[in-house]
Amino acid sequence: MPKTKTSSSAKKRFKVSAGGKLLRRRAMQSHNLTKKTSKRKRGFRKDTPVAESNTRAVRQMLGKRGQR
């Protein structure tokens, strides 16, 4: 069976933690930042885990990278 290619967009958007969890960036942090509170902007810095319902699809898109 041929190798599965890693999705270019997925490898830029997701990261696998040391424990094997998939992490993603939070939304709403790229523009219109002046109206957002400092507390809210600080929260955007942390990566959050991918929802359970999406993990299988994301791992498939990451190919070998998603198997740590």
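Buried here means under 20% relative accessible area, exposed over 50%, and partly exposed in between, calculated with a 1.4 Å probe on protein chains only. Helices (H or I, at least four residues) and strands (E, at least two) are DSSP runs, numbered from the N terminus.

This is a predicted model, in which local features need pLDDT of at least 70 and side-chain atom pairs count only at pLDDT 80 or more, while totals for chains, interfaces and linings use all residues. Residues are numbered from 1 along each chain as its sequence is written, and side-chain values use heavy atoms, with hydrogens and water left out.

**The buried side of α3**

Next, select T55, V58 and L62, which are buried in α3. They cover an arc of only 80° around the axis, so they lie on the same side of α3; the arc is that of the directions from the helix axis to the C-beta atoms. An α-helix has 3.6 residues a turn, so residues three or four places apart point the same way. The cover over the buried residues of α3 includes α1 (8-13), β1 and β2, where contact means heavy atoms within 4.5 Å.

Now show the whole of α3, residues 52-62, which lies across β1 and β2 and runs at about 95° to β2. Axes are lines fitted to C-alpha atoms, for helices over the stretch in contact, and angles run from 0 to 180 degrees between N-to-C directions. After α3 comes G63, with a positive phi near 65°.

**The nonpolar core**

Which residues form the largest nonpolar core? Select A10, V16, L22, V50, V58 and L62, the six residues of that core. A nonpolar core is a set of buried Ala, Val, Leu, Ile, Met, Phe, Trp, Tyr and Cys residues joined through side-chain atoms within 4.5 Å. In soluble globular proteins, nonpolar side chains tend to be buried together. Centre the view on V58: leaving aside neighbours within four places in sequence, V58 is in contact with F14, L22 and V50.

**The sheet**

Colour the three strands of the open sheet, whose order is β1-β2-β3 with antiparallel pairing. Strands β1 (14-16) and β3 (48-49) stand at the edges with a single partner strand each, so one side of each has no neighbour in the sheet. Two strands pair if DSSP finds at least two bridges between them. Strand β2 (residues 22-24) pairs with β3 in the antiparallel sense over two bridges, and R24 has T48 in β3 as its bridge partner.

Is T48 buried or exposed? T48 counts as buried, at 9% relative accessibility. Not counting residues up to four places away in sequence, T48 touches L22, L23, R24 and R26.

**The salt bridge**

Select K15 and D47, which form a salt bridge with their closest N and O atoms 3.3 Å apart. A salt bridge is a side-chain nitrogen of Lys or Arg within 4 Å of a carboxyl oxygen of Asp or Glu. The pair links distant parts of the chain, 32 residues apart: K15 is in strand β1, and D47 is in the loop between α2 and β3. K15 is partly exposed at 46%, and D47 is partly exposed at 35%.

**The loop between β2 and α2**

Finish at M28, in the loop between β2 and α2 (38-44). Phi of M28 is positive, near 75°, and M28 is exposed, with a relative accessible area of 57%. Most residues other than glycine have a negative phi.
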